[in-house]
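This report walks through one protein chain for a reader who works with coordinates. Please keep the sequence and the model open while reading.

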Amino acid sequence: MIAIIAEKPSVALDIAKVVGARKKRRGYLEGNGYKVTWSLGHLLTLAMPRDYGYTRITAADLPMFPNPFKLIVRRAPGKDTPDPDAVRQLNIIDSVFTSCSSIIVATDAGREGELIFRYIYAHLGYTKPFKRLWISSLTDRAIREGLANLRPGSDYDGLYAAADCRAKADWLVGINASRALSVASGLGNNSLGRVQTPTLAMVCARYREHKAFVPSDYWQLRITLRQGEDFRQFRHEEDFSDQAKARELLARIGPASKATIGVVERKRSLEAPPLLYDLTALQKVCSDRLELAADETLEIAQRLYEQKLISYPRTGSRHIPEDVMEEIPALLKALLLLPEYSTYTTIFSDGELSRRSVDTGKVTDHHALLTTGEVPVNLTSTERSVYQMIAHRMLEAFAPPCQKETLLMEATTEGMLFRSRSQRIIAPGWRALSPQAEDENPDREERGSAEFTSGEVVPVSGTNLRKAHTMPPPLFTEATLLTAMETAGAQVADPEAREAMKELGLGTPATRASILLTLFRREYIERIGKSIVPTEKGLYIYDRTREMHIADAALTGGWEKALCMIRQGELKAESFMESIAVYARQVTEEVISIRFPDVGAGTLPCPKCHAGKMILRRRFAQCTNPECAHIVPRRFLNMDLTDTHFEQLFTTGATELIRGLKDKDGQSFDALLSLAADCSLRPIFPEEPLPSGTKQ
């Protein structure tokens, strides 16, 4: 009997169907000599500080260095007890492994998927041999081919070592830095990390740069030349910051002025189609066009993958290898049979496909996102939109290049040189699939379509002096922030670390969404329209950490360089962890030495623990005692509480009468606000008696 372990039940079902394991058991499927089970994601995690006996957050316990690290069953959401589902599935996996002679690992083919299995394998104490199924698609064909080409599990020892080191290093730096921040600030709901803190720094720095920007005016001088009913606008080769000089030059051109046409140059060029999507590129376009958050896009892509409609979504590559290219004609044919793409058939009529996205050397663990040839059915509107994004990009990526002609004309009048640049599409190629992208610069320099010949003398029929002004760097949107994270390595000084970050940047395609989610949950950043800006709290943390190692994007570059070497067997894991221990100590000392001034009122007693003080913030009041960190929201029953309301609440036990509160049905009423037994807010109507202990 052979055991197969997948990462999710849906994937296990697909594999079980291929191998003939059709008998459903509790937690696995059986048949034809196989038992196919699953892990439900991360069943085991690195133990948290409390599991090592660190029950309080104190400076004396920092930094913490578990030796050895412990694995624990993941905790139930919001609880400090093991997740019952995880415990149950671990027991099932144990029984399946016990009854089988060998194991096939079918968790997701990547660093995290390898870690999920290895932690289970180590925790259950097995030494049985195992082989690796490494696939990028869940179609029956891909699974059969993968099973026919299993690789020894030992081939992935380096991948596991790199994944294990990454998890432990993140624990040492993130947990110690976050606890040091709690000690220094006296506040809870804070965290620092090697990816989230540099990302926060980018948002804050851009916000400050945007706010501090002082626009400056400049002027553009243009002339218009006519040719019958048509015309062409030419622009002076310089922009002028001095309005007086611009007006002086404009005054030279009078009603009798003529322009002599000089250079007339035509150039033909081919614009290659865009590359296929990786996860980050998909998240960016879905943010722009569908207004989906990065984590929402990932969740939808994962569902499409599990429905066999697309290849593995957590990819950082925008290329495919040569062997996958052999499948592309059939995949495109399947797409063109769908009603929404049938009109594009003529674009591919000559049979020649672009090979820009084909480069085996640029494929990482998984190739770029592709559709699988399966017909999409029963999708939600959002799932269909994301699927169509991937399908449309596939068609674009393999379509012929766009053929363009660029026309440059120069005209001289009154000793001044003017230029006109224009471009026309001769054969649209891939751009026939994306007409909305045809005009990439709607505010282009030239207007009109008249064409002149070299040596021609043309009367100047009009002049224009246009005032413009410099623009501040735009605030980040989710799409542009993902781009900034992706390209963060460009600013890293060490060339080898910069190269290690070249393909990943800050975080990985699979983790960037969770990093942004963490920053939102910590209330470090917020959305205003489409823009992402720091909160007061985020700026506060940024100002105190921006010069520290924890905020340096180069840390990720160094880590990725080292983890790559571990995976390839060029660096020992022990050496890497020794350097991380030194770094964690340094970061902890830096953070714990921060001196945070008092913020807000800071003198109001905490009604829950009675040991801390309530700090008043923009959206809530919070206890300074890290072990309590009790939060009382400002917004309650559709009303924003004032600082005075909080002062009354925490000193007397109840607010004054507040008018205009609204219930969930939108009905207005008047009430006092008091604290319930669990210290949450509750309304007290004027005719009700006040709670005991309330001061009148």
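## The chain as a whole

The model is a predicted one, and its chain has 696 residues, of which 50% count as buried. Its secondary structure comes to 19 helices and 27 strands, and along the principal axes the C-alpha atoms fill a box of roughly 90 × 75 × 55 Å. When contacts in the chain between residues at least 6 apart in sequence are taken together, 71% of them join residues that are at least 24 apart.

## Helix 3 against helix 5

Two packed helices are described by the angle between their axes and by the distance between the axes. For helix 3 (residues 111-123) and helix 5 (residues 157-185), the axes come within 9 Å and cross at roughly 90°. Angles of 65 to 115 degrees count as roughly perpendicular, and helix 3 and helix 5 are therefore roughly perpendicular to each other. On the side of helix 3 the contact is made by R111, E112, E114, L115, R118 and Y119, while helix 5 brings in D157, L159, Y160, A162, A163, D164, R166 and A167. Sorted by class, the residues of this contact between helix 3 and helix 5 are seven nonpolar, no polar and seven charged.

## Helix 8 against helix 12

The axes of helix 8 (residues 279-290) and helix 12 (residues 381-398) come within 11 Å, with a crossing angle of roughly 125°, and that makes helix 8 oblique to helix 12. The crossing of helix 8 and helix 12 is right-handed. From helix 8, the residues L282, V285, C286, R289 and L290 meet S385, V386, M389 and I390 of helix 12. The class count for the contact of helix 8 with helix 12 is seven nonpolar, one polar and one charged residues.

Three strands form an open sheet in the order 16-18-17, and their pairing is antiparallel. Strand 16 (476-477) and strand 17 (525-528) stand at the edges with a single partner strand each, so one side of each is left without a neighbour in the sheet. Strand 17 is joined to strand 18 (residues 531-534) by four bridges, the two strands running antiparallel, and R527 has I532 in strand 18 as its bridge partner. Helix 6 (residues 196-212) lies across strand 16, strand 17 and strand 18, and runs at about 95° to strand 18.

Strand 25 (residues 658-662) pairs with strand 26 in the antiparallel sense over three bridges, with K662 standing opposite S668 in strand 26. These two strands form a hairpin with five residues between them, and G666 in the turn has a positive phi of about 85°. Strand 26 is also joined to strand 27 (residues 681-684), by four bridges and in an antiparallel run, and the bridge partner of L675 in strand 27 is L681. Strand 26 and strand 27 likewise form a hairpin with five residues between them, where C679 in the turn has a positive phi of about 70°.

## Two residues in loops

T107 is found in the loop between strand 7 (102-106) and helix 3. Its relative accessible area is 2%, and since under 20% is the limit for being buried, T107 counts as buried.

C606 has its place in the loop between strand 19 (604-605) and strand 20 (613-616), and its relative accessibility of 0% makes C606 count as buried. Apart from neighbours within four places in sequence, C606 is in contact with G612, K613, M614, C623, C628 and H630. C606 and Q622 are 16 residues apart in sequence, and their C-alpha atoms are 8.3 Å apart in space.

Key
Residues numbered from 1 in each chain as written. Predicted model: local features only at pLDDT ≥ 70, side-chain atom pairs only at ≥ 80, totals over all residues. Heavy atoms only, no water. Buried < 20%, exposed > 50% of the residue type's maximum accessible area, 1.4 Å probe, protein only. Contact = heavy atoms within 4.5 Å. Axes fitted to C-alpha atoms, helices over the stretch in contact; angles between N-to-C directions. Parallel < 35°, antiparallel > 145°, perpendicular 65-115°, else oblique. Left-handed = near helix turned anticlockwise from the far one by under 90°. Nonpolar A, V, L, I, M, F, W, Y, C, P; charged D, E, K, R; others polar. Pairing = 2+ DSSP bridges.
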